[in-house]
Amino acid sequence: MSTTTYREALRQALIDAMTADADIILLGEEVGVYGGAYGVTKGLIELFGESRVIDAPISEAAIVGAAVGAALTGLRPVAELMYVDFAGLAMDQIANQAAKSRSMFGGQMGVPMVLRSQGGTGRSAAAQHSQSLEAWFLHTPGLRLAMPATVSDAYHLLRQALTQPDPVVFLEHKGLYALKGEVGDAPDAPWGAPAIRRAGSDLTLVAWSRMVHESLAAAEALAGAGVSAEVIDLRCLNPLDLGPVFASVARTGRAMVVTEAALTGSAASEIAARIGEHCFDWLEEPVLRIGGEDIPIPVAPALERAAIPTAALIADAARWLVHREAPPWA
Amino acid sequence: MSNTAPLARYRTMRRIRSFEERVGELFLKGESAGSMLHLSIGEEGVVGVTDAMRPGDSFTTHHRGHGVFLARGADPARMMAEIAGKATGYCGGKGGSMHIADRQLGHLGANAIVGGGIPHVVGAGITARNRGLDHVSVAFFGDGAMSQGILYEAMNMAALWRLPVVFCCINNQYGMGTRVDRSAGRVAFAERARAFGLAGAWVDGADVEAVHRMAADLLAGARAGQPAFLELSVYRFYGHARMDKSPYRTPEEEAEGRRRDPLATARGALLAAGIATEAELDRIDAEAGAEMDAALAAAIAAPAPAPEAMFRDVYAPGTPQPQPQADRLRAILAEGSAA
């Protein structure tokens with residue numbers, strides 16, 4: 001156990017993985033000399049050299065495409081999209097090339113690459129630098145999808161991603177880089193399995209990435225109001241193991257799925273549907289989704305904050321769900 | 001002209017032509033998987049490029065890549081089976097004509113997205129460089145890809161990092177139904193590549209020996225760290241795909257274009273140089289025809305993939321797999337709600 005930050009845990013995971021596996025290379029904009037837009041790859045070019053830490057031109061499609069080719073020929077590249085919002089530029093290489101190669105080629109070749117990126121709000125980065133686009137990747141068979149919420153997962157999920165035989169989209173959250181915490185000696189759960197971050201009996205809150213922290217803050221507030229909320233951190237959206245979520249809902253009878261993404265067509269919608277299908281007999285109330293507003297993220301700080309769920313909103317909705325106490329805004 | 005290599009190239013080109021003719025038959029017999037079959041008849045001069053490649057070299061192709069793959073050593077029976085969507089095909093019947101690949105032969109994949117496979121050779125170049133391997137990776141694509149941004153991103157990276165990569169544009173004059181001078185303001189593609197810092201050259205793709213001389217130079221340069229671009233000028237003898245009767249071009253133009261026949265050109269050159277007789281070339285033609293007849297028959301006779309095969313290879317074995325719909329519905333409905 002050691003106390004560090006989410007950013008440093010990611011950096012250490014890259015260092016440890018690259019030290020152990022000479023086939024791992026980094027490829028992306030500003031990953032080398034600059035050290036990464038958010039400092040995650042700081043100093044790695046000095047440690048591993050220019051042939052393994054490759055500063056790429058601003059060519060997102062070819063960055064991902066080159067990573068696909070390197071992976072098909074035996075390397076284990078980590079391609080970086082500085083912001084997940086740039087995925088649109090690279091989506092053919094992600095969704096048609098990286099995701100489908102193993103299947104189209106009948107299993108002859110896999111694409112063992114990691115696509116690191118970061119998303120989310122919190123820095124007034126506006127509509128093209130603040131999105132939570134995990135649904136794009138969740139909707140594409142062939143991709144794995146990991147979204148660490150904690151410092152320990154920042155390290156362990158990235159190490160695990162770098163052992164996977166298939167492409168992993170690894171989405172960090174720009175609002176978590178400074179988060180402090182401890183890196184455990186082992187992962188909190190196996191790859192693809194969720195972790196129960198807080199136990200509770202009245203309500204199950206399902207979240208991932210930064211919304212785990214909002215959900216935990218909501219659960220703390222709810223405890224003072226006589227509501228016992230269980231908080232489950234999914235950690236990975238593919239593989240997606242909802243068994244522990246179904247077991248939790250079987251006990252609590254109520255579920256809320258919380259996402260920072262625009263709600264319509266979101267990962268939360270898929271997860272809520274699955275809870276509804278599998279837990280119908282146990283549910284006391286409809287499965288609620290709490291998500292980002294269906295709008296482009298505005299730059300004004302007050303508007304940006306209002307565009308995504310807060311702990312207060314989650315707690316209000318939970319009290320309404322459990323105790324039928326309508327919040328003041330209702 | 002030394003004797004054996006040009007004759008071997010003629011044989012390879014004839015095998016490609018015969019193969020593609022059998023692909024046409026496969027479709028007419030209703031045995032192909034779909035009609036998205038893009039024949040490379042008229043483009044056989046690409047053998048001059050594939051002959052300059054070595055074992056260990058890798059490549060990607062576009063949707064019109066049967067000839068390139070066959071020339072790199074593919075088994076025509078397994079190719080034809082893949083095009084027919086059969087279990088014995090290179091990809092077990094999951095890829096088909098447009099996604100055929102073979103790891104052993106360095107085929108990193110045909111691609112149905114115009115330009116989609118081009119950046120993969122940049123990655124293969126990084127692999128070769130980092131592992132100290134003397135391997136070149138060649139991207140084969142058509143003139144349509146000259147309008148895709150990914151090509152320019154990839155050429156810039158290859159030039160910037162001096163990777164052992166060759167970009168090979170098989171310009172058959174048409175992107176589907178649009179002639180190249182209706183999609184480019186200036187149709188001097190090698191100039192574009194040179195502007196990026198690549199060695200850039202144009203060659204008459206109907207003259208396989210000229211192609212080979214040019215490609216051998218460019219691949220040697222690429223192996224030494226000077227990435228290159230080569231445009232083969234050819235004519236697409238038939239329509240874009242099997243259903244396309246090319247109403248957008250005149251019979252006169254087609255007749256003129258088909259005079260630029262790589263097979264006829266090579267045959268004339270071999271006879272003129274006294275390397276082979278008419279009878280010897282006829283025998284090569286007949287052998288190629290018989291080989292491809294057998295490939296066609298084998299593909300038709302081969303079994304279709306088992307239905308459950310569709311769930312395999314989406315992810316690697318031993319990792320979580322897609323849940324078949326029937327299993328999902330059973331879990332929800334058969335036993336009521338299940339935790």
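Which side chain of chain A does B:R328 meet in a salt bridge? The partner is A:E277, at 3.0 Å from N to O. The legends below set this pair in its surroundings.

This is a predicted model, in which local features need pLDDT of at least 70, side-chain atom pairs count only at pLDDT 80 or more, and totals for chains, interfaces and linings use all residues. Residues are numbered from 1 along each chain as its sequence is written, chains are lettered from A and ligands numbered from 1 in the order in which they are written, and side-chain values use heavy atoms, with hydrogens and water left out.

**View 1. The interface of chain A and chain B.** The contact (heavy atoms within 4.5 Å) takes 53 residues from chain A and 45 residues from chain B. The buried area is about 3800 Å². Buried area here is the accessible area, with a 1.4 Å probe, that two parts lose on being put together, summed over both. Carbon and sulfur atoms give 60% of that area. Two salt bridges cross the interface of chain A and chain B. A salt bridge is a side-chain nitrogen of Lys or Arg within 4 Å of a carboxyl oxygen of Asp or Glu. B:R328 and A:E277 form a salt bridge at 3.0 Å. Between chain A and chain B, 22 residue pairs are in polar contact, with both residues at pLDDT 80 or more. A polar contact is a pair of N or O atoms within 3.5 Å; within protein, one must be able to donate a hydrogen and the other to accept it, and residues adjacent in sequence count only if both atoms are side-chain atoms.

**View 2. The side of chain A that touches chain B.** The elements of chain A that give two or more residues to this side are β2 (24–28), β3 (53–55), α3 (60–72), α4 (87–98), α5 (101–104), α9 (243–252) and α10 (267–278). Helices (H or I, at least four residues) and strands (E, at least two) are DSSP runs, numbered from the N terminus. The largest share, ten residues, comes from α3(A). By residue type, this side of chain A divides into 26 nonpolar, 16 polar and eleven charged. Ala, Val, Leu, Ile, Met, Phe, Trp, Tyr, Cys and Pro count as nonpolar, Asp, Glu, Lys and Arg as charged, and the others, Gly among them, as polar.

View 3. B:H120 sits in helix α5 (residues 118–131) of chain B. Is B:H120 buried or exposed? B:H120 is buried, with a relative accessible area of 2%. Buried means under 20% relative accessible area, exposed over 50%, and partly exposed in between (1.4 Å probe, protein chains only). Leaving out residues up to four places away in sequence, B:H120 touches A:G65, A:V68, A:G69, A:L72, A:Q93 and A:Q97 in chain A, and B:T60 and B:N111 in chain B.

**View 4. Salt bridges within chain B.** Side chains of opposite charge can pair when their charged atoms come close. Over all chains the count is 44 salt bridges. B:E21 pairs with B:R22, with the closest N and O atoms 3.6 Å apart. B:E21 is partly exposed at 37%, whereas B:R22 is buried at 9%. B:D181 forms a salt bridge with B:R179 at 3.1 Å. B:D181 is partly exposed at 45%, and B:R179 is partly exposed at 35%. B:E256 and B:R259 approach to 2.6 Å between the closest N and O atoms. B:E256 is partly exposed at 45%, whereas B:R259 is exposed at 59%.

**View 5. A salt-bridge network in chain A.** Salt bridges that share partners join A:D153, A:D188, A:R197, A:D233 and A:R235 into one network.

**View 6. Backbone details in chain A.** The peptide bond from A:N238 to A:P239 is cis, with omega near 0°. A:P239 lies in the loop between β12 (236–238) and α9 of chain A. A:E30 is not a glycine, yet has a positive phi of about 65°. A:E30 lies in the loop between β2 and α2 (44–48) of chain A and is partly exposed at 36%. A:S124, also not a glycine, has a positive phi of about 50°. Its loop runs between β5 (114–119) and α6 (134–138) of chain A. A:S124 is partly exposed at 26%.

**View 7. Cysteines.** How many disulfides does the structure hold over all chains? The count is zero, a disulfide being a pair of cysteine sulfur atoms within 2.5 Å. A:C279 is buried at 0% relative accessibility, and B:C91 is buried at 1%.
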